[in-house]
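Thanks for taking a look at this one with me. Here are some notes to read alongside the picture, for anyone meeting the structure for the first time.

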Amino acid sequence: MIRSLNLVFCGTPQFAVPTLGKLVDAGFQVKLVLTQPDRPKGRGLELVASPVKQAAVKLDLPIYQPDKIKTNEELRTRLEEIGPDAIVVVGYGRIIPKWMLDLPKYGNINLHASLLPKYRGAAPIQWAIANGETVTGVTTMRINEGLDTGDILLQRESPISDDDTAVTLAPRLAAMGADLIIETLRGLQEGTLMPRRQNNAEATLAPILTKEDGRIDFSRSAQEIYNRFRGFQPWPGAFTTFRGRGLNVAGMKPTSEPVGLGQLLVKGSQLLVGCGMNSAIELLEVQPEGKRPMAARDFVHGYRPQPGEKLGSLPSGK
C-alpha cells in the first residue's frame, strides 16, 4: 500500500479552496497551510481572512501567514521540520524562493488556470475570455524560478461558452484543477508521470489586470468589447464616459445594427453604441457616476441621449 504523502499547501483565493478540500478528502496529510495575512476590507477596514484561511480553520489545519517568505528563517525551520514530500501551490500570490523549491522530494506543484504555455501570469482566466478563446483548461506543473515556466505534469481542457464570464468559469476550473492535483500527486508517487518542458515559442502572457483594462475602446469590434467585458468581471468591469462623467456598463451584447463609431443610437427602449468594424453593442444595463445601476430604457428616459452624442473618447488617430 502506498503511504500518504506529507504536504504543505500554499494558497490564498477562493480558486484554491477546492484543491485544499480535495487533498484532505483524499487522505493526504496537510501539515501546514501558508496563506497571505488578513487584509482590511470594506468601509470599516476590518481585517478579513483569506478564503483559504477560512477553509483551513474549518478543516482544523495548522495555518501560517508570513508577510514575507524569501528570507523567513522561522518558515524555513518549520518546513524543514515537516519535511514535506511536496508543496502544493495554488494562487498563493508570493514568489516561491529557491530554498523552498529545493526542499521537497516531488518539488513544488502548482495548479495554473490555463493550458500552459498559453496565458502565463496572474490573470489567465480573465485574459483567455477577453481574447475570445473558446477552449482553456488547467495545468499542473513543477515550479521553477521562472514565471509559470516549469515542466508540465498534467493538463485538462475545458470549453468556454459564449456567455461565460471570469466569474462563471473560475469555479469550474477550480473544481477541475482540484481533481487534477490529486491525479498529479498520485502519478508522481507511483512514478507514472513524465514531466515535459514547455515550448517557450508558444508562450503568451496574462498580466495582472489594471483599472484601465476596463475602459471601453469603441474602435474595437463589438465582439472584442463583449469578450473583454466578460473576461473582466467582476473587476475592472467595463466603463466609459457620458457627458464628461463616468458610466459603468453592467450588461451588454453585440448587435449588427449600423451605428456611427462611438455614437449612441436610441431605438425605442434600446440603447446602441457604434463600434469598430461596422459593428455595434447594445447596452443592457448601465450605471451613471454616483447613481445606482439601471436598465437601458430607464437611462434613455432619464438622460434622453441626443442624436450624434458619443460615449467616451477614441484613442488618438482613430
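The points below go through a helix, the cores, a helix pair, a loop residue and some backbone details.

1. A word on the basis. This is a predicted model, in which local features need pLDDT of at least 70 and side-chain atom pairs count only at pLDDT 80 or more, while totals for chains, interfaces and linings use all residues. Residues are numbered from 1 along each chain as its sequence is written, and side-chain values use heavy atoms, with hydrogens and water left out.

2. Let's start with helix α6, residues 166–190. Helices (H or I, at least four residues) and strands (E, at least two) are DSSP runs, numbered from the N terminus. The expected span is 1.5 Å times one less than the number of residues, so the 25 residues of α6 should span 36 Å, and the 35 Å between its end C-alpha atoms agrees with that. After α6 comes Gly 191, with a positive phi near 75°.

3. Next, the cores. A nonpolar core is a set of buried Ala, Val, Leu, Ile, Met, Phe, Trp, Tyr and Cys residues joined through side-chain atoms within 4.5 Å; buried means under 20% relative accessible area, exposed over 50%, and partly exposed in between, with a 1.4 Å probe and protein chains only. The largest core has 47 residues, and Phe 9, Leu 20, Leu 23 and Leu 185 touch the most other members. Its largest share, 10 residues, comes from α6. Apart from this core lies another, of 23 residues, including Phe 229, Val 249, Met 252 and Leu 311.

4. Which residues does Phe 9 touch, not counting those up to four places away in sequence? Taking contact as heavy atoms within 4.5 Å, the list includes Ala 16, Leu 20, Leu 23, Val 52 and Val 90.

5. Now look at how α1 (residues 17–25) meets α6: their axes come within 8 Å and cross at roughly 40°. That makes α1 oblique to α6, since angles under 35 degrees count as roughly parallel, over 145 as roughly antiparallel, 65 to 115 as roughly perpendicular and the rest as oblique. Axes here are lines fitted to C-alpha atoms, for helices over the stretch in contact, and angles run from 0 to 180 degrees between N-to-C directions. Pro 18, Thr 19, Lys 22 and Leu 23 are the α1 residues that meet α6, where their partners include Ala 174, Gly 177 and Leu 185.

6. Is Ala 238, at 8% relative accessibility, buried or exposed? Ala 238 counts as buried, and its place is in the loop between α7 (222–231) and β10 (239–242). Beyond its neighbours within four places in sequence, Ala 238 is in contact with residues including Ile 216, Phe 229, Val 249 and Met 252. Its C-alpha atom is 8.2 Å from that of Asp 213, 25 residues apart along the chain.

7. Finally, some backbone details. Most residues other than glycine have a negative phi, and most peptide bonds are trans. Here, the bond from Leu 116 to Pro 117 is cis, with omega near 15°, and so is that from Gln 233 to Pro 234, with omega near 0°. Arg 243 has a positive phi of about 55° and counts as partly exposed at 46% relative accessibility. Arg 304 has a positive phi of about 45°, and is exposed, with a relative accessible area of 58%.
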